[in-house]
Amino acid sequence: QVQLVESGGGLVQAGGSLRLSCAASGRIFTIRTMGWYRQAPGKQRELVARITSGDSTNYAESVKGRFTISRDNARNTVYLQMNSLKPEDTAVYYCNLQIYTLGPLNDYWGQGTRVTVSS
């Protein structure tokens, strides 16, 4: 079994910063790609940022230059540093990890953490 625990969401004013964390625990052999997605009310879930096991990253155009994704392999944790937040960043943020346990590669999702940016 694998568990993902997210933290770091909250309410912040426009221009502020937040740091999200997602820690995985359980029977983990290795973690391949780690990512953050978000879903705003009435919208589809979208990719925010992704980091591979080789530390290659890609970002949604809307967050480039403002958000930074990073990973700590020793702690099985992925982070999302969000700066210069805008009201349109308001959403529930979900981490997604591709994990090898003792079986095939599987996708695991966090429970979601709410980010609200006030204008």
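Biologist: Which residues does Arg66 touch, not counting residues up to four places away in sequence?

Modeller: This is a predicted model, in which local features need pLDDT of at least 70 and side-chain atom pairs count only at pLDDT 80 or more, whereas totals for chains, interfaces and linings use all residues. Residues are numbered from 1 along each chain as its sequence is written, and side-chain values use heavy atoms, with hydrogens and water left out. If contact is taken to mean heavy atoms within 4.5 Å, the residues that Arg66 touches are Gln81, Met82, Asn83, Ser84, Leu85, Lys86 and Asp89.

Biologist: Is Arg66 buried or exposed, and what is its relative accessible area?

Modeller: Arg66 sits in the loop between β6 (57-59) and β7 (67-72). Buried means under 20% relative accessible area, exposed over 50%, and partly exposed in between, with a 1.4 Å probe and protein chains only. Arg66 is therefore buried, its relative accessible area being 10%.

Biologist: Which backbone oxygen does the side chain of Arg66 reach?

Modeller: A polar contact is a pair of N or O atoms within 3.5 Å; within protein, one must be able to donate a hydrogen and the other to accept it, and residues adjacent in sequence count only if both atoms are side-chain atoms. At a distance of 2.8 Å, the side chain of Arg66 reaches the backbone oxygen of Ser62.

Biologist: How many salt bridges does the count come to?

Modeller: A salt bridge is a side-chain nitrogen of Lys or Arg within 4 Å of a carboxyl oxygen of Asp or Glu. Among those found, Glu61 and Lys64 meet at 2.7 Å, N to O, while Asp72 and Arg75 meet at 2.9 Å. Glu61 is exposed at 62%, Lys64 is partly exposed at 45% and Arg75 is exposed at 58%. By this rule the number of salt bridges is five.

Biologist: Which residues are linked in a network of salt bridges?

Modeller: One of the pairs to consider is Arg38 with Asp89, whose closest N and O atoms are 3.0 Å apart. Both partners count as buried, Arg38 at 6% relative accessibility and Asp89 at 1%. The network links Arg38, Glu46, Arg66 and Asp89.

Biologist: How many residues apart in sequence are the parts that Arg38 and Asp89 tie together?

Modeller: Helices (H or I, at least four residues) and strands (E, at least two) are DSSP runs numbered from the N terminus. Arg38 and Asp89 form a salt bridge. Because Arg38 lies in strand β4 (residues 30-39) and Asp89 in the loop between β8 (77-82) and β9, the number of residues separating the parts they tie together is 51.

Biologist: Which residues does the disulfide join?

Modeller: A disulfide is a pair of cysteine sulfur atoms within 2.5 Å, and the structure holds one. It pairs strand β3 (residues 18-26) with strand β9 (residues 91-100), through two cysteines 73 residues apart. With an S to S distance of 2.1 Å, the residues joined are Cys22 and Cys95.

Biologist: What is the distance in space between Val2 and Ile99, C-alpha to C-alpha?

Modeller: Val2 belongs to strand β1 (residues 2-7) and counts as buried at 12% relative accessibility. Leaving aside neighbours within four places in sequence, Val2 is in contact with Ser25, Arg27, Ile28, Ile99, Thr101 and Tyr108. Val2 and Ile99 are 97 residues apart in sequence, and their C-alpha separation is 8.8 Å.

Biologist: What is the radius of gyration of the protein chain?

Modeller: The chain comes to zero helices and 11 strands, and 43% of its 119 residues count as buried. The radius of gyration is taken over C-alpha atoms, and the globule rule is 2.2 Å times the number of residues to the power 0.38. A compact globule with 119 residues would have a value near 14 Å, and this agrees with that of the protein chain, 14 Å.
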